[in-house]
Amino acid sequence: MAFDKAMKYLAERGYGDRVQTFDVSSATVDLAAAALGTEPCRIAKSLSFMVENRPVLIVCAGDAKISNPKFKALFRVKAKMLNREDVGTLIGHDVGGVCPFGINDGVDVYLDESLKRFDIIYPACGNAASAVRLTPEELEKLACPAGWVDVCSYDGCAAV
C-alpha cells in the first residue's frame, strides 16, 4: 500500500520511470546499496523524529549520522527517533521503506546538506524493496521540504 502511494506520487510528477524494485531487501543502507550496486553513502535514508508534537523526516546521506548538538541547536529538542510502531502510523511508510513521497499530511520534511555532495542519490520508495534514482535538486523538488538543514556528521565517501 505504501509503495503504491509513493509510486503514484512520483508517477504523477513524471518520475515513475525512475523507480526500481528488487527481489531482495533494500531495508537498510547496506542492503539498498548492494541491491543498486552503488556506494552506501549514495543511499538517501529518511530518519523520523518527533519535534513539538509533529513528525519530522530528515533525509540524509547513507553515511551520515544525526549530530545531537546540531539537531538540538536547530529544533531545540533532543533528537529522539520515533519507535518502529509509530513510524508507519505517523509517517505513512514502514521502517525500511520510509521516504518523503506520498507521506501523511502534517509531516515536516528536511533535507540534510550531506546529500549535496552527490550528483545521484537513491531514496526508498515506500517499501523495503525499492528505490528511486534522483539528483539532490530533484529530491528537493519532489519532497517539498521545509528546507535544507545541517544536522548530520559524516566522514564517509567523498563527493562524486
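Analyst: Two strands count as paired if DSSP finds at least two bridges between them. The model shown is a predicted one. In it, 3 bridges join strand 5 to strand 8 (residues 147–149), and the two run parallel.

User: What makes strand 3 and strand 5 a pair?

Analyst: Pairing requires at least two bridges. Strand 3 (residues 54–61) and strand 5 have 4 bridges, in the parallel sense, so they meet the definition. V59 stands opposite L111 of strand 5. On the strand 8 side, Y110 stands opposite G147.

User: Why is strand 5 called mostly covered?

Analyst: A residue is buried under 20% relative accessible area. In strand 5 (residues 108–112), 4 of its 5 residues are buried.

User: Why is T28 called partly exposed?

Analyst: Buried means under 20% and exposed means over 50%. T28 has 41% relative accessibility, so it counts as partly exposed. T28 is in the loop between strand 1 (19–21) and helix 2 (29–36). Its C-alpha atom is separated by 9.0 Å from that of G97, 69 residues apart along the chain.

User: How do you know that the buried residues of helix 1 line one face?

Analyst: The buried residues of helix 1 (residues 2–12) are A2, F3, A6, Y9 and L10. Seen down the axis of helix 1, they fall within an arc of 130 degrees, and therefore line one face. K8 and E12, on the other side of helix 1, are exposed.

User: What do the buried residues of helix 1 pack against?

Analyst: They pack against strand 1, strand 7 (130–132) and helix 5 (136–143).

Key. Residues numbered from 1 in each chain as written. Predicted model: local features only at pLDDT ≥ 70, side-chain atom pairs only at ≥ 80, totals over all residues. Heavy atoms only, no water. Buried < 20%, exposed > 50% of the residue type's maximum accessible area, 1.4 Å probe, protein only. Arc of directions from axis to C-beta. Contact = heavy atoms within 4.5 Å.
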